Amino acid sequence: MGVRLARVHRLRRVRGCVGVCVGAAEGVAVSGVLGCWAVVAAALTSTAVPVCGAGGHAPLSGLAAPAVGVLSNASAAEGVSASLAAGARYVEGSNVLRLASGRWRYLPPGRSVSVVVAAGDAGALRQIGQSRAWLASGRVPGRSAAERAAAGRALLAMRALLRPNGAMAAGWSPGWMYAWPRDSSFACAAFALTGHDAEAFRILRHSAATQRGDGSWEARTKLDGSGPPDGRRWQLDANGWVPWAAWQWYRAAPVQGRRERLAVLYPMVRKAADRAARSLGADGLPPASPDYWELMTATANIGTAAPLLAGLNASADLAREAGRPVDAVRWERAARRLSAGISKRFFPLGYQRSVDGRHGRDSAVAFMAPPFNAGAAGVSAALEATYRALLLPNGGLTPGNDPGAPWGAVAWTPSTAFFALAWAAGGRPAKAGPVLEWVLSKRNGLGELPEKVDGAGRPASVAPLAWTGSIVVLSLVALEAGGLSAPPLRP
């Protein structure tokens, strides 16, 4: 490797891919996807820097400690450092921080820098009241007071990360302060299913505004919507996630006026679905593309194929709602081709990561289950087998067991929460409950959901993470409802 592991320090995961890993003390670049992952996995427990195709994406000057919380107002946000969070707690139902001293810290309206005020400050109280009113305007899911408290905290964190233009920041630390179509789509669904229609629709409008001319999306974009921050590979899975989110929003939206709003979104859905349909090869599968790991595979992967199936089914159903039967038939035909390809190539492998069978188990098997897809053969058994294969000693899951991309002892909360959602949405609360309980037990001192959990079971990396919060909220909604629907695959 050319770099002693002890010298690889102050590296953190910059959401998505970084062109090189760097031995910061020696200035030595280590090229190559798998080699870099090996260094990171061996050297770090709470951080990792993924790698992908083009160019370097993480200047060392930006490698500050990730935030552990977030303050916000209607237009701005500010990360909470670990030192500031020591001994602090949020005032219940808000993003106002009660410091260890007893004073309050918050981000006043129109300001971009927080202030410290006396407890009971009138301005802070107004913001607390507004936050509580927003929560009360929707639904805070949970079967117990503890679950409802966790859901409320996750919803407030997601609201804090949502920008006025509809861009959904993954987190509020450099490297996470971008909008991923995938993360945004999960947040959209979570907002929609908890009665926060305006926020869900705003995310979809932003997705429409950032869609590329060919119907696809960049891997991530700047929060102002001006474009990607780097030259990393775009990801085809967005063409499934965004229509799926639109379908979830439509089903939950107030009936009055929703068809008119669907008409606003329909050009985005049409371009996304047509691009997905065009991508399918003779075997019915999409081409190789970076998956949610943001790493390329040599052959089609389940992390792309499964979301595309959900998106094509969702698009077809939305087309019928929009009075576009010709579009619906076209996308239904494409969905059946893709479903047949998945059944032929992925099912015999237990829905492993790639059709060449060289990349092991993948937590993305959950994308074949509700609320994304339903009815595919062998998915229940594959969920069980994959969960067992990816379970770590700390109780969480690694994203996958690809022998070429070791993740070490670090558990990833989104990957773990996928299984809680799949089992909850599929009506299996006894399976979902313990997984969700583990995720909720790893919230940090502020109650925020972290991106990762280290080998000792401690929350690590950035918090809050919008994606994990969204999955947790959806899981709690599913547990309350006894399941969640997936877009239908029409025969």
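**Two helix pairs**

A: The crossing of α11 and α12 is left-handed, and this is read from a predicted model. Helix α11 covers residues 379–390 and helix α12 covers residues 413–425, and their axes, which come within 11 Å, cross at roughly 155°. Because angles over 145 degrees count as roughly antiparallel, α11 is roughly antiparallel to α12. On the α11 side, the residues that meet the partner helix are Leu383, Glu384, Thr386 and Tyr387, while α12 brings Phe419, Ala422 and Trp423 to the contact. Sorted by class, the residues of this contact of α11 with α12 comprise 5 nonpolar, 1 polar and 1 charged.

The other pair is formed by helix α3, residues 122–136, and helix α4, residues 145–161, whose axes lie 11 Å apart and pack at an angle of about 110°. Since angles of 65 to 115 degrees count as roughly perpendicular, α3 is roughly perpendicular to α4. The crossing of α3 and α4 is right-handed. From α3, the contact draws on Gln130, Ser131, Trp134 and Leu135, and from α4 it draws on Gly152, Leu155, Leu156 and Arg159. In the contact of α3 with α4, the classes are 4 nonpolar, 3 polar and 1 charged.

Conventions
Residues numbered from 1 in each chain as written. Predicted model: local features only at pLDDT ≥ 70, side-chain atom pairs only at ≥ 80, totals over all residues. Heavy atoms only, no water. Axes fitted to C-alpha atoms, helices over the stretch in contact; angles between N-to-C directions. Helix = DSSP H or I, 4+ residues; strand = E, 2+ residues; numbered from the N terminus. Parallel < 35°, antiparallel > 145°, perpendicular 65-115°, else oblique. Left-handed = near helix turned anticlockwise from the far one by under 90°. Contact = heavy atoms within 4.5 Å. Nonpolar A, V, L, I, M, F, W, Y, C, P; charged D, E, K, R; others polar.
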